[in-house]
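Please look at the model below, and then follow the questions and answers, which take its parts one after another.

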There are 2 protein chains.
Amino acid sequence: MASDLVLYSYWRSSASFRVRIALNLKGLRYETRAVHLVRDGGEQHGTGYAALNPQELVPTLIDGNRVLTQSMAILEYLDETHPQPPLLPADAAGRARVRELSQVTGCDIHPIGNLRVLQRLGSQFDADDEQKAIWMRHWVATGFHALEAMLASSKDTGHFCHGDTPTMADVCLVPQVYNARRWKVPLGDYPTILRIDALCDSHDAFRDATPDRQPDAPSHA
Amino acid sequence: MASDLVLYSYWRSSASFRVRIALNLKGLRYETRAVHLVRDGGEQHGTGYAALNPQELVPTLIDGNRVLTQSMAILEYLDETHPQPPLLPADAAGRARVRELSQVTGCDIHPIGNLRVLQRLGSQFDADDEQKAIWMRHWVATGFHALEAMLASSKDTGHFCHGDTPTMADVCLVPQVYNARRWKVPLGDYPTILRIDALCDSHDAFRDATPDRQPDAPSHA
């Protein structure tokens, strides 16, 4: 039952943002439970939450008695349990491409610039905010350079990353673009990424999932 | 056709190691083309390879006219195109769990300690080998602490990470354990991980995929 869905989420978390988009695309209602990643040393490290999610990361999705973590695994789960509209194409090659594009972001950009990594740069290397920003910009630029090439060179790219309807690849891309803007990464070299991001921003499923519209965003607090 | 499979691989790359295990589990023959990640500044950055893989990372799998990158996407592709033996269970909850376990390694341990990240720690923060080792040990320990809890606490854990046959979760775990040993990460706190790793090591599919047995390993060069 859709009303059983509970998302442990932080408004500005890219991984939570992904799951919110997917839930919206599927038309699934869910209850948000905010996990503040900064306050009190990070609520994700509290005993109660750590019992749900031993990685002490967001998001965690509760579906009835199932506890689901890892955002890309959750996207696949939602696609299997609620197949319409699909987040993956029907053919194996297309599915591989969508997962590949998703993982460029989900494996090779986002985790390297995650909050806990930036915190570690501070504690191990005395990195200040400017050095953290340089780190972030380097990895976003590295990943987007590849992603732009992969998108611009393929006939499979349509209005969206793959074809003319949103897939998991768009669900992963849009939060990373939001994050890139937050860190003031220059985006002029990525016209295909920007075109797709702008199109997604015209869809309610994406817009309603944006950080600023979440119940735990500071403007709503 | 299996004989069309070509794997661009580096003997010590964890992500290449994953794909080698999966190919072996599926009984698929493939040709290895070595990409030396260190020699000459890294052969993955050469024009020819970068045209195949814009991320300039290994592995890349060629299946006929298909060019596949991102190791976890490749595992899913192999499972869809060669379903037996399966790398994922049949039920949605089980599939979610296997992907979740895989992504703990594939998203939140491995990419943060990848060669290019260590190189960046050197260039941006003057990290020496000892500081890089401390960084590696921190992220492996953080990830394995969570993974051990997830494995030890679940009735779904069997002889392997999920049930009594190898899945994608084992395929991702074993190369990370190899990598942890290489970086001398203390592993005594992870008895379930060690038990599963030892079992995998008794299977030819895993053993034949180990770095030391690859044609580009130094002992074979």
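Q: At what angle do helix H6 (residues 129-152) of chain A and helix H5 (residues 115-125) of chain B pack?
A: The axes of H6(A) and H5(B) are 12 Å apart, where helices (H or I, at least four residues) and strands (E, at least two) are DSSP runs numbered from the N terminus. The model is predicted, so that local features need pLDDT of at least 70, side-chain atom pairs count only at pLDDT 80 or more, and totals for chains, interfaces and linings use all residues, while side-chain values use heavy atoms, with hydrogens and water left out. Residues are numbered from 1 along each chain as its sequence is written, and chains are lettered from A and ligands numbered from 1 in the order in which they are written. With axes fitted as lines to C-alpha atoms, for helices over the stretch in contact, and angles running from 0 to 180 degrees between N-to-C directions, the two helices pack at about 140°.

Q: Is the crossing in which H6(A) passes H5(B) left-handed or right-handed?
A: A crossing counts as left-handed if the near helix is turned anticlockwise from the far one by less than a right angle, and as right-handed if clockwise. By that rule, the crossing of H6(A) with H5(B) is right-handed.

Q: How many residues in the contact of H6(A) with H5(B) are nonpolar?
A: The contact (heavy atoms within 4.5 Å) includes Trp135(A) and Trp139(A) of H6(A), and Leu121(B) and Phe125(B) of H5(B). Ala, Val, Leu, Ile, Met, Phe, Trp, Tyr, Cys and Pro count as nonpolar, Asp, Glu, Lys and Arg as charged, and the others, Gly among them, as polar. On this basis four residues are polar and two are charged, while the number of nonpolar residues is six.

Q: In chain A, which residue has the C-alpha nearest the axis?
A: Two copies of a chain are related by a rotation about an axis and a shift along it. Here chain A can be laid on chain B with an RMSD of 0.0 Å by a turn of 180° and a shift of 0.0 Å along the axis, the superposition being by least squares on the C-alpha atoms of residues with pLDDT of at least 70 in both copies. This is the relation of a two-fold axis. At 2.3 Å from the axis, the nearest C-alpha of chain A is that of Cys107(A).

Q: What percentage of the interface residues of chain A are also interface residues in chain B?
A: The copies meet through the same surface.

Q: Which residue in the hairpin of S3(A) and S4(A) takes a positive phi?
A: S3(A) and S4(A) pair in the antiparallel sense over four bridges, and Leu61(A) stands opposite Leu68(A). The hairpin has two residues between the strands, and the residue with a positive phi, near 65°, is Gly64(A).

Q: Which residue is joined to Val58(A) by a cis peptide bond?
A: The loop between helix H2 (47-52) and S3 of chain A holds this residue. Glu56(A) lies in that loop, with a positive phi near 55°. The cis bond has omega of about 5°, and the partner of Val58(A) is Pro59(A).

Conventions
Two strands pair if DSSP finds at least two bridges between them.
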